[in-house]
Each structure stands twice: as structure tokens, then as C-alpha cells.
Amino acid sequence: VPTSQPKGTDGGSSEPTPHPTPDTTQTVVTWATTLSVSGVSAADFGDEEQESFKESIAAASDDLTADSITITSITDVSRRRRLSSLIRALLSSGVDIEYETKVILEETTYADATALFSAVTEETETHITTGDFETALQTSGSTALSEVDVEEESFVPPTTYEVVVVKTMTPSVSPTAAPPSDKKAAEEEDSTGMIIGIILGVLFVAGGAGAAWYIKQQKGASVAPANVLAQIKPEASAPEAPAPPESTPVKAS
């Protein structure tokens, strides 16, 4: 999973591609085994005892770990418990443990599943029938397993196995930007329209206010105030000069 999402370069979203690219193929080889153990009951087999069992089995091969072993069932049974190599005692409690071994072929050096199965089951059989597995259980630190008796003679190694091929999927290194969705495009269009509408509204209000101010200034300049008109008086016209008196001609005597 990528730790961060890349930026889209074509206007799309920054989400990675929805389908990761196939990376590797794993071949999982699995087989089942049953092992009989005396001197312990199913109730005694808690988490600690189960972990000790898995670790003791895994000690048989370098290709196994405790995680390779999965216990599928633990069933109480009654059987004769061996006290020595020559003497057997009365019936005692014990368990049949069924477990599954799972190994990934690509994590080993074997060429194929058959070679892996044959080698690991042979190593496990030797580990159990020689008493090494029993010793590992007894010295695991679990009080319940300190006196167990593994029925080596009754052990039957598995003869069949199952192969499952698993494809591991991982995201691509550089995910491509996804194209914008219709919903996102519509939201962006609505946002753009809203911004344009706000700008036009501001311009309209500002223009109206400017026009009103201009008209008011022009009106004030063309009409004089009343007090100024009252102070303006028409100038008196100069009196006309009297016409000269008509002269009467005088005749010389």
C-alpha cells in the first residue's frame, strides 16, 4: 500500500489505480499427519503445550518453523503406555494429535513440490522415530509434557500432499491518476459558476453606486443654492439724460 498518494497531472484525482499489478507467485505445499502421545490429556494441551509441540516438530528440518505447523485437532484416547523397551503397563490416557504442515516452495532450495515433500517428511520421520521429538517435548519447559511418551512405533508418515498456487498482489510503484468522476466535475463546475456570479454581483453594485454619485454631483453643480440667488440683485439702469430744449431761431434785425 503506498504511503502517500501521487498528484494527478491531467486534472484527475490523486487516487491510485484500483487494481494492483501481480507481483510474485507462491507454491504452497501442504500435508497432514497424525501423532499419538501418551501421558497427557487434551485438557492438558493448552497454548503453551501446543507451541512446544509445534517447535519440537519444526526442529526436524531447516525448512520448517513453528509457523509451518498448524494443529487441527487433539483427541483423548486410551492406550497402553510403554514403561521400558520390554515391559508395557496398563492402559493410560493419551491423545491423538492431528496437525498440518505447510511450506512455501519458493522459500526452499527444492526444484519442485515432490522433492520438497519427500525430503521434509523423511527428516520428520527420522526425528520422531529416533526419539528426538519425544526428548524435545519433555525438555520444552512445560510441566504437562515432562513425562509424555511418544508412540514412535505407531507413527505413519504422510504419503500425499496438496499444492496451491497463490498470486501475491501489490500496488504499482507509480499509480496512475484516476479520471475525474462526473460528480466531482459537476461540483467543480458549480463552484466556478458561483465564483463568477459573486464577481458579477460585486461589479453591478459598485457600478450602480458610482453612477448615483456622478448624477448627484452634476445636479448640484447646475442648481445654485437659494441663499446665493437671494444675494444677486439686478443692477439699476442709469436715468436717461433730458433732451435738450428746442431752440427757436432768432432773426437779426
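**Close-up views of a predicted model**

**View A. Tyrosine 99 and its surroundings.** Leaving aside neighbours within four places in sequence, tyrosine 99 is in contact (heavy atoms within 4.5 Å) with Trp31, Ala32, Thr33, Leu35, Phe53, Ile57, Ile69, Thr70, Ile71, Thr72, Thr124 and Ile128. This is a predicted model, in which local features need pLDDT of at least 70, side-chain atom pairs count only at pLDDT 80 or more, and totals for chains, interfaces and linings use all residues. Residues are numbered from 1 along each chain as its sequence is written, and side-chain values use heavy atoms, with hydrogens and water left out.

**View B. The largest nonpolar core.** A nonpolar core is a set of buried Ala, Val, Leu, Ile, Met, Phe, Trp, Tyr and Cys residues joined through side-chain atoms within 4.5 Å. Buried means under 20% relative accessible area, exposed over 50%, and partly exposed in between (1.4 Å probe, protein chains only). The largest such core has 18 residues. Leu35, Phe53, Ile57, Tyr99, Ile128 and Phe133 have the most contacts inside it. Strand 1 (21–38), helix 1 (47–58), strand 2 (69–82), strand 3 (88–104) and helix 3 (132–138) each supply at least two of its residues. Helices (H or I, at least four residues) and strands (E, at least two) are DSSP runs, numbered from the N terminus. Strand 3 gives the largest share of this core, 3 residues. Another core, of 10 residues, lies apart from it and includes Val29, Ala58, Leu105 and Phe117.

View C. Helix 1 has 12 residues. From first C-alpha to last, helix 1 reaches 17 Å, close to the 16 Å expected (1.5 Å times one less than the number of residues). Buried in this helix are Glu49, Ser52, Phe53, Lys54, Ser56, Ile57 and Ala58. Glutamate 51 is partly exposed because its relative accessibility is 33%. Glutamate 51 forms a salt bridge with lysine 54 (a side-chain nitrogen of Lys or Arg within 4 Å of a carboxyl oxygen of Asp or Glu). Their closest N and O atoms are 3.7 Å apart. Both residues lie in helix 1, 3 residues apart, about one turn of the helix. The count by this rule is 1 salt bridge.

**View D. Alanine 115 in helix 2.** Alanine 115 sits in helix 2 (residues 113–129). With a relative accessible area of 31%, alanine 115 is partly exposed. The C-alpha atoms of alanine 115 and leucine 105 are separated by 9.7 Å. These two residues are 10 residues apart along the chain.
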